[in-house]
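Colleague: I would like to learn how to read a model such as this one, feature by feature. Could we begin with the general idea each time and then turn to the case at hand?

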Amino acid sequence: MSYSHLNQPLAAANVHSLVTDILANTICFNEVLNKLNGFYYPFMNHLNTELSYSEPASAFFNSTQAIVGDIYPENVIWDHDKTQRFIDILPCYKNDIENERNAFIYQESQNKNELGCYINNLIGHYSRLLFIRVDLKYAQEMSHLVSIEDFYNHMSKLRGLIGKANDPKIKNCFDDLQGNAWAIEQGGVNGGLHCHLLLMYDGARRQNDWYIAKEVGEKWKMITGGLGEYYSYHDKERKQQYSQYGKLGIGMIHRNNPQEVENAVRSALYLTDPNKHEQHLKLWISGKRTFGHGKFRTENRRGLPPISK
């Protein structure tokens, strides 16, 4: 199998998964050997010491370097002996990996509480809100062209547009937006970078959730120069499935309907699920956030007492 197409995020995701599989004893020796020969060079080729890497990816780098030293990555062949030494070294990093996992779970729990308060404040303030859920990602055949720096740049542009919502000088798909939340993640299977986006519009002004979700998705494709794709939760068939089981938490949410409110909060909190630890980024730009939401107390929020200076 050729690994020449691997991009920077996928190369990091592959070695992250390899390390966790070895420590979990869910992979055989020959598969480890084959993956080392497939993953080592792309990872080293994309290595950027200015970026932060997950503990499993860091363990991969440190362990392999202890074995091969200064040999050029393209000249390294992982034979039986080197592979066994690699497997033997990895347990030294088990505590660091577990600590990172626990820290992620704790932080996501904090984010979940914070997001829950924010959502409940908004719902309590408006008689009805239009909840929009869209997943923003990249076309699989184009993902090798996207670096982690590209992803952060695209997210910055998106958040910039959201920040200009309701600006009378700018007409965009975020007009009448009253709340938002976002979480960026990386798939555990294919290493794909993606963003879970939640938007809450004034229900007195906006009603067509399917159309708005499409507008937002098309805006993402424009921001990414055609590299992006999106997944909308607002197709009629999908909404009917959730509604059939009493779990529809998107679309128009009325404050005086407890079931709608409960479903909306549950759907929103998926963005901060502590159980999704395998979805966290395998590499990132230090200091950049992976989760955020708007502010409830703003100068423009009608019906609230003025913010003291």
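Modeller: Let us start with burial: a residue counts as buried under 20% relative accessible area, as exposed over 50%, and as partly exposed in between, with a 1.4 Å probe and protein chains only. This is a predicted model, in which local features need pLDDT of at least 70 and side-chain atom pairs count only at pLDDT 80 or more, while totals for chains, interfaces and linings use all residues. Residues are numbered from 1 along each chain as its sequence is written, and side-chain values use heavy atoms, with hydrogens and water left out.

Colleague: What percentage of the residues in the protein is buried?

Modeller: Of the 309 residues in the protein, 47% are buried. The accessible surface, computed by the Shrake-Rupley method with a 1.4 Å probe, comes to about 16,000 Å², and carbon and sulfur atoms hold 48% of that surface. Along its principal axes, the C-alpha trace spans about 70 × 50 × 35 Å.

Colleague: How many helices and strands are there in the protein?

Modeller: Helices (H or I, at least four residues) and strands (E, at least two) are DSSP runs numbered from the N terminus, and by that rule the protein has nine helices and eight strands. If we take contact to mean heavy atoms within 4.5 Å, then among contacts with a separation of 6 or more, 73% are between residues 24 or more positions apart.

Colleague: How far does α7 reach from its first C-alpha to its last?

Modeller: The expected span of a helix is 1.5 Å times one less than its number of residues. Helix α7, with 15 residues (209-223), reaches 21 Å, close to the 21 Å expected. At the start of α7, a side-chain oxygen of N208 comes to within 3.4 Å of the backbone nitrogen of W210, and after the helix comes G225, whose phi is positive, near 65 degrees.

Colleague: Which residues other than glycine have a positive phi?

Modeller: One of them is N25, with phi near 60 degrees, in the loop between α1 (8-23) and α2; N25 is exposed, with a relative accessible area of 66%. Another is D176, with a positive phi of about 70 degrees, which lies in the loop between α6 and β3.

Colleague: And how should I read the aromatic rings?

Modeller: A pair of aromatic rings is described by the distance of the centres and the angle of the planes. Rings of Phe, Tyr and Trp (its six-membered ring) pair if their centres lie within 6.5 Å, and planes under 30 degrees apart count as stacked, over 60 as edge-to-face and the rest as tilted. The structure holds nine such pairs. The rings of F43 and Y53 have centres 5.8 Å apart and planes at 75 degrees, so this pair is edge-to-face. Because F43 lies in helix α2 (residues 29-46) and Y53 in strand β1 (residues 52-53), the pair ties together parts that are 10 residues apart in sequence. F43 is buried at 2% relative accessible area, and Y53 also counts as buried, at 14%.

Colleague: Which residues does F29 contact, leaving aside its neighbours within four places in sequence?

Modeller: F29, which lies in helix α2 and is partly exposed at 22% relative accessible area, is in contact with H80, T83, Q84 and I87. The C-alpha atoms of F29 and Q84 are separated by 8.1 Å, although the two residues are 55 apart along the chain.

Colleague: With which side chain does the side chain of Q178 make a polar contact?

Modeller: A polar contact is a pair of N or O atoms within 3.5 Å; within protein, one must be able to donate a hydrogen and the other to accept it, and residues adjacent in sequence count only if both atoms are side-chain atoms. The partner of Q178 is the side chain of Y126, at 2.8 Å. Q178 itself lies in strand β3 (residues 177-186) and is buried, with a relative accessible area of 16%.
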